[in-house]
Amino acid sequence: MRALRALGETVAGRLPRAGRWALACLPGMLAVTALVLCVAGVEDAVGGGRHTEARAVVHRAARPAIVPRERWLGDSRPTTPPAHYSGPVVVVFVHHTDSPNGYDCADAPRIIRALAEGQTSARLFDDIGYNFLVDRCGTIYEGRGGGVDQPVVGAHTQGFNHRTAGVAAIGTFTAGSPVPAPMAEAIAALAAWKLGLAGTDPRQTARLVSSNSLSRVPAGRHAGFHAVAGHTDGYTTDCPGAALRAELPAIRERAAVLQGRTEARLQAARGR
């Protein structure tokens, strides 16, 4: 009874005077039932606002088509080493492979296999370092093993491989080398989807902790990065090339549109 009285006082405090009078007139178990229903209604009303607010800030993008790594591994198919995972991906680092641009897109699997062999043989990586690769026709390939929808720790940006994904544009995109439109669109779609898994706006910045003093930031120090950043932002290098780096602002905006962010759509409409 003491608990019932406390419950009645708690709920009654949330009800108008007429509601409190009505509860006071209800007998025994009928009053208990009314109180329980009333509490549920109050909690739904309070919680509903929170749920609506949470839904309003979630921006996800559709997962783009991604060719599985088996396609480029071919007949070699070495044993995939155990993957390592980190927290949700909040930064996508964009790279270029510094390889020829005039390839046939049907030859991309062979090119990726050669890149993987170079990294695992000459540089002693346990697997290809990039999480994803994109060819000039806009085809996205799975790179490092472990699951494309998982926060796989890659080996692409010295000091900043945790909570990040590395996507490599197949080719060389120094100043004066045009970035194919399908490639830029694919990078934007991939960034929109991958960052959306963590609710990250592609136009915002994120703070990461350096794990290696060979990066631009001493180990243990924090650094801020664009959610879609260039390799050179974290490591002293020309990668991803001046031409591709110049495309990153547009790629961020396009990724935001693909996430369904209203303000990004309005800006894109004004730009047409």
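In the predicted model, the side chains of strand β7 (residues 222-226) alternate between two faces. Strand β7 is joined by 5 bridges to strand β6 (residues 205-209), and the two run antiparallel. Within this pairing, Arg-207 has Gly-224 of β7 as its bridge partner.

The protein as a whole contains 9 helices and 8 strands. Of its 272 residues, 44% count as buried. Among contacts with a separation of 6 or more, 71% are between residues 24 or more positions apart.

Nonpolar side chains tend to be buried together in soluble globular proteins. In the present model, the largest nonpolar core comprises 47 residues, and those with the most contacts inside it are Phe-132, Leu-133, Val-167, Met-183 and Ile-187. Helix α6 (residues 181-196) supplies the largest share of this core, namely 10 residues. When neighbours within four places in sequence are set aside, Ile-187 is in contact with Val-94, Val-134, Val-167, Ala-169, Leu-244 and Ile-251. A second, separate core consists of 10 residues, including Ala-206, Val-217, Ala-223 and Ala-229.

Helix α5 has 14 residues and spans 20 Å from its first C-alpha to its last, close to the 20 Å expected at 1.5 Å a residue. Its buried residues are Ala-108, Pro-109, Ile-111, Ile-112, Leu-115, Ala-116 and Gln-119. Viewed down the axis of α5, these buried residues fall within an arc of 160° and therefore line one face of the helix. An α-helix has 3.6 residues a turn, so residues three or four places apart point the same way. The buried residues of α5 pack against α4 (70-73), β3 and β4.

The link of Cys-105 and Cys-137 is right-handed, with 90° about the S-S bond. Cys-105 is located in the loop between β2 (91-96) and α5 (108-121), and Cys-137 in the loop between β3 (132-134) and β4 (140-142), so the pair ties together parts that are 32 residues apart in sequence. With a relative accessible area of 13%, Cys-105 is buried because this value falls under 20%. Cys-137, at 43% relative accessibility, counts as partly exposed. Cys-239 counts as buried, at 7% relative accessibility.

Apart from neighbours within four places in sequence, Arg-69 is in contact with Thr-80, Asp-127, Ile-128, Glu-142, Gly-143, Arg-144 and Gly-145.

Technical notes: Residues numbered from 1 in each chain as written. Predicted model: local features only at pLDDT ≥ 70, side-chain atom pairs only at ≥ 80, totals over all residues. Heavy atoms only, no water. Core = buried A, V, L, I, M, F, W, Y, C linked by side-chain atoms within 4.5 Å. Buried < 20%, exposed > 50% of the residue type's maximum accessible area, 1.4 Å probe, protein only. Helix = DSSP H or I, 4+ residues; strand = E, 2+ residues; numbered from the N terminus. Contact = heavy atoms within 4.5 Å. Disulfide = S-S within 2.5 Å. Expected span 1.5 Å × (residues − 1). Arc of directions from axis to C-beta. Pairing = 2+ DSSP bridges.
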